[in-house]
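Have the viewer open as you read.

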Amino acid sequence: MVSGDGRLRSVVLAGGGTGGHIYPLLAFADCLRRHDPDVRITCLGTPRGLETELIPAAGYDLRHIPAYQLPRSVNMNLLRTPDRMFRSTKAARAVMDEVEADAVVGFGGYVSVPAYLAAWRRHTPIVIHEVNVPAGVANKLGMRFTENVAVGFPHQPRQDESLRSATVVGVPLRQSITTLDRVALRERARAHFGLDPHRPTLFVFGASQGARSINLAVAASAKALTSAGVQVLHVIGARNDDFDVPSDLAAPYVRVKFINEMELGYAAADLALCRGGAMTCAETAALGVPAIYVPLPYGNGEQRRNALPVVEAGGGLIVDDAELTPQWIEQNVLPLVTDPARLATMGYAAAAYGRRDGDEQLRAFLLNALASAKRN
């Protein structure tokens, strides 16, 4: 229970499947623990999701429950849904009863649905955090059971009717990001990757799994970039195949599968070339990293909607995946990454749009929701 002095004793966090759900969950868990080392934090996930790798490694209790993708059409899975949802909700409720949960905070992903249902049935306050437009299926369903909806970006309530009354709190980001001084760390970060401390640096990445179309376009531009004095730090993605890069380049071209300390990549960068996931946009904007966003060419178009406000604020550019060719990179990326004045202007604009307090604001939102529930 919430104690008499208003302290949160036990909270269940639900979110899984992709980094876009799990990283803000972990940042929020860290925030709760900073304020109260004794708070009990229990995370719900599935054995198949990325949460199985990330959450226990971060030191948090992960409980596996069965969770299933909600069918979007009439098929056999639709017929199985009631039985599956009953079992998932029962498992989620058993966890909440065991840990005596005061609240459930959901970040999306299919594991959030049974968490919302179980919390509703046991009259436990629910808080939902959403970063995309349109809102994800799981969170949209959860909104039927709570009015406590928080979002990461100011454009979301304007663009999605279901989020019209949501509160903008920002995106919870890791402290390694929110406390980063890019200028102070720049030389050490570049040395860490074997880069020249003084050359203009292009940081290329495609979210946690990489992006093959970006990889191939940049690799094909390696000669032109390095001949102009630009060095490249390229995260190819843990699940992407390697690719050929010429060996006789005029400047460093460093390829890595993944980076555990993403803040070092941001510190090394003068310009980022990346996808437009919500976490990527939140991090680059918060840190004032000028970026060229290459939204995923499929889905609901949410990556373009994520990146567009940063671009409109002056903090970056957008290019369609199909248009990202070696020629486009030579004509657009090369002049930008070698123009310090323009990069500085874009960086200031990105930082003015971004924010670093999403974790604290979501915690305040949660405590207000609990206080309201107690009054009612």
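## Ground rules

Two strands pair if DSSP finds at least two bridges between them. Helices (H or I, at least four residues) and strands (E, at least two) are DSSP runs, numbered from the N terminus.

This is a predicted model, where local features need pLDDT of at least 70 and side-chain atom pairs count only at pLDDT 80 or more, while totals for chains, interfaces and linings use all residues. Residues are numbered from 1 along each chain as its sequence is written, and side-chain values use heavy atoms, with hydrogens and water left out.

Start with strand 1, residues 10–14, where 5 of 5 residues are buried (buried means under 20% relative accessible area, exposed over 50%, partly exposed in between, using a 1.4 Å probe and protein chains only). Ser10, Val12 and Ala14 point one way, Val11 and Leu13 the other, and all of them are buried. Strand 1 runs parallel to strand 2 (residues 40–45), with 5 bridges between them. Leu13 sits opposite Cys43 of strand 2.

Now zoom out: there is an open sheet of 7 strands in the order 3-2-1-4-5-6-7, with parallel pairing. Its edges are strand 3 (61–64) and strand 7 (167–168), each pairing on one side only. Helix 16 (residues 358–375) packs on this sheet and touches strand 4 (103–106), strand 5 (126–130), strand 6 and strand 7; contact here means heavy atoms within 4.5 Å. The direction of helix 16 makes about 155° with that of strand 5 (axes are lines fitted to C-alpha atoms, for helices over the stretch in contact, and angles run from 0 to 180 degrees between N-to-C directions). Over at strand 7, the neighbour is strand 6 (residues 149–151), paired in the parallel sense over 2 bridges. Ala150 has Thr167 in strand 7 as its bridge partner.

## Strand 8 and its partners

Strand 8 (residues 201–204) is covered on both faces: Thr201 and Phe203 on one side, Leu202 and Val204 on the other, all buried. Strand 8 pairs in the parallel sense with strand 9 (residues 231–235) over 4 bridges, and Leu202 stands opposite Val232 there. Strand 11 (residues 271–274) also runs parallel to strand 8, joined by 3 bridges. In that pairing, Phe203 faces Ala272.

## Helix 12

All 10 of the 10 residues in helix 12 (residues 278–287) are buried, including Cys281, Glu283 and Leu287. Gly288 comes after helix 12 and has a positive phi, near 70°.

## A cavity and an annotated glycine

The structure holds 2 cavities of 30 Å³ or more. On a 1 Å grid over the protein atoms alone, a cavity is a set of points where a 1.4 Å probe fits but cannot get out, and lining residues have an atom within 4 Å of a point.

An unreviewed UniProt entry lists Thr18, Gly19, Gly20, Asn132, Arg174, Ser208, Ile259 and Gln303 under "binding site". Of these residues, Gly20 is among those lining the second largest cavity. UniProt positions use the numbering used here, feature names are shortened, and annotations may be inferred rather than shown by experiment. Gly20 belongs to helix 1 (residues 19–35). Why does Gly20 count as partly exposed? Because its relative accessibility is 31%.

Definitions and conventions. 1 Å grid on protein atoms, 1.4 Å probe; cavity = no way out; pocket = protein on both sides within 12 Å on 5 of 7 lines; lining within 4 Å. Points joined across faces, edges and corners; volume = space filled by probe spheres on them.
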